[in-house]
Amino acid sequence: MGRITPAEYVTPWDDTPEWERQAAGSVYEQVYQFLELSGGHASRLSREQKGRFVATCWTAQIFKHFEDPKPSYVAEWPDLPEWQKETDADIFEAIEKSLN
């Protein structure tokens, strides 16, 4: 897939705000547990289903850390830009591969 993530969304880990690091860790744990609890069968989900799961987990973290987040931070799946959808699916698949 030849997508490019906008540069303004790429930040070195050490420069990432603490809330965002915590949120990323929580999303990782949710995907990891989801894969474990399904006995690995969550790998059979479509790429879109994988991306939607990550997006939903991330949105919950945004609500946890922000009382009144910007609408773009909690956008519904159909309203996300394609690069974000692909990135969310990539995140799920990266975690999935780390278990193998």
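Biologist: Why is K85 called buried?

Modeller: The relative accessible area of K85 is 14%, and buried means under 20%, exposed over 50% and partly exposed in between, with a 1.4 Å probe and protein chains only, so K85 counts as buried. This is a predicted model, in which local features need pLDDT of at least 70 and side-chain atom pairs count only at pLDDT 80 or more, while totals for chains, interfaces and linings use all residues. Residues are numbered from 1 along each chain as its sequence is written, and side-chain values use heavy atoms, with hydrogens and water left out.

Biologist: What makes K85 and E82 a salt bridge?

Modeller: A salt bridge requires a side-chain nitrogen of Lys or Arg within 4 Å of a carboxyl oxygen of Asp or Glu, and the closest N and O atoms of K85 and E82 are 3.4 Å apart, so the pair qualifies. Both residues lie in helix α3, 3 residues apart, about one turn of the helix; helices here are DSSP runs of H or I with at least four residues, numbered from the N terminus. E82 is exposed, since its relative accessible area is 51%.

Biologist: Which residues do salt bridges with shared partners join into one network?

Modeller: That network holds R47, K50, E86, D90, E93 and E96, and the structure has 7 salt bridges.

Biologist: Why is the pair of D90 and R47 said to tie together separate parts of the sequence?

Modeller: D90 lies in helix α3 (residues 82-98) and R47 in helix α2, so the pair ties together parts that are 43 residues apart in sequence. The closest N and O atoms of D90 and R47 are 2.5 Å apart. D90, at 28% relative accessibility, is partly exposed, and R47 is also partly exposed, at 25%.

Biologist: What are the closest N and O atoms of K50 and E93 apart, and is K50 buried or exposed?

Modeller: In the salt bridge of K50 with E93 these atoms are 3.8 Å apart, and K50 in helix α2 is 43 residues from E93 in helix α3. K50 is buried, because its relative accessible area is 6%.

Biologist: Why is the ring pair of W19 and W58 called tilted?

Modeller: Rings of Phe, Tyr and Trp (its six-membered ring) pair if their centres lie within 6.5 Å, and planes under 30 degrees apart count as stacked, over 60 as edge-to-face and the rest as tilted. The centres of W19 and W58 are 6.2 Å apart and their planes stand at 40°, so the pair is tilted. W19 lies in helix α1 (residues 18-37) and W58 in helix α2 (residues 47-65), 39 residues apart.

Terms used
Helices (H or I, at least four residues) and strands (E, at least two) are DSSP runs, numbered from the N terminus.
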